[in-house]
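Please examine the structure shown below. The paragraphs that follow treat one of its pockets and then its salt bridges.

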Amino acid sequence: MSSKQLLQKIYSLTPMQEGILYHTLREENQGNFIVQLFFSVEGSLSLDIMNKSMQLLVQRHDVFRTLFNVDKAKRPIQMVVDHLEHKIVFQDLTEKNHDCQMEYISHYADQEKMKGFDVTAEMLVRLAVFQTNLQHFRLLLSFHHIIVDGWSLSAIVQELFEIYSALSAQRSPVLREIHSFQNYIEWLNRQDQDSASLYWNQYLEGIEQSTALPWQPKQKKEGYLQEQVKFTFDREMTKKIKELALAYRVTMNAVIQAIWSIVLKRYNDTNDVVFGTVVSGRHAAVSGIDQMIGIFINTNPVRINFEQDIDFEDLLILIHKQMIDSQEHSHYPLMKIQALRH
């Protein structure tokens, strides 16, 4: 934060933000928490108007003017400054063939991830524009995950292009009412932490062993290493899962969790399995939370204690009930839940 910037707001971090900040400052690999979004524009594109549009978006939402501080307080804080300047990166690739263009853009995106962001000193969003021919542009938005979740991305793109269209037509943009991320932080700080701690302690009581993943290495590596295992259901299988969820009046998420719990049960040869699931955090009683731009997600444990001869229908009902019961306490920090069992 420079001496020329005025401090507008200071508030605490969400549990997920604290975890992300910890790993961001500790690990060398900066790409683990970079969120990237590609999209295309057909037709003409004014770089000047797009840059102004991006700047107005930054000024409109506090999260884009947020810096994180770990030095001046007992706990990390996030600070909203009055102004941060954004400048588009533009690359003219019209003289390259298609394959070279795609390779260049892919390499640029990888470099952006490796570059990362300084969460204590710079704007945590960048926009790059690649012109591939006279009437086609590829845009890359890169964010640090500490300020936005996946839910926010569609709203960001919609607002960006509404502002762009309005400026191009010399009219005022039609945008939804701003609901500040600070409202969610204030709600979070009012929650009963003792009640949440008691709930999760009782929920996990009696666990005797950890649940291993089928591909988990026996020897842990130093530091945080982000890995993904992807599995895709085809359309026919997806249709059957939807029909199954509808028949038992549960969500598709409940069906997937039931299937996953059975896999873990068999792999670990146990009737008591625990795994993590990401919750949206958008259930909170905060006005406009479904339209807010920010990060609300959290990770909660899911415990399935298989009773003797439990059938799949009862398993679905159990998981659905647990989802509803745990929602009130889903904001509780994962690190504190883990500490309860040690």
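A pocket, as the term is used here, is an open set of points on a 1 Å grid with protein on both sides within 12 Å along at least five of seven lines, and its lining residues have an atom within 4 Å of a point. The model under discussion is predicted. Rolling a probe the size of a water molecule over the atoms shows where empty space is left. In the second largest pocket, that space amounts to about 350 Å³. Its lining comprises 22 residues, and those closest to the centre of the pocket are V279, N300, M323, S326 and Q327.

Which elements each supply at least two residues of this lining? They are the helices α6 (193-203), α8 (252-268) and α9 (312-326), together with the strands β8 (272-279) and β9 (298-305). The largest share comes from α9, which contributes five residues.

Side chains of opposite charge can pair when their charged atoms come close. Within α9, D325 and K321 lie four residues apart, about one turn of the helix. These two residues form a salt bridge whose closest N and O atoms are 2.6 Å apart. How accessible is D325, buried or partly exposed? D325 has a relative accessibility of 34% and therefore counts as partly exposed. K321 is likewise partly exposed, because its relative accessible area is 49%. Elsewhere, salt bridges that share partners join K9, D62 and R65 into one network.

How many salt bridges does the structure hold? The total is 12. Among them is the contact between the side chains of R126 and E122, with an N to O distance of 4.0 Å. E122, in contrast, reaches 28% relative accessibility and so counts as partly exposed.

A further salt bridge links the side chains of E27 and R26, with 3.2 Å from N to O. E27 counts as buried because its relative accessibility is 13%.

Key
Residues are numbered from 1 along each chain as its sequence is written. This is a predicted model: local features need pLDDT of at least 70, side-chain atom pairs count only at pLDDT 80 or more; totals for chains, interfaces and linings use all residues. Side-chain values use heavy atoms; hydrogens and water are left out. On a 1 Å grid over the protein atoms alone, a cavity is a set of points where a 1.4 Å probe fits but cannot get out, and a pocket is an open set with protein on both sides within 12 Å along at least five of seven lines; lining residues have an atom within 4 Å of a point. Grid points are joined across faces, edges and corners, and a volume is the space filled by probe spheres set on the points. Buried means under 20% relative accessible area, exposed over 50%, partly exposed in between (1.4 Å probe, protein chains only).
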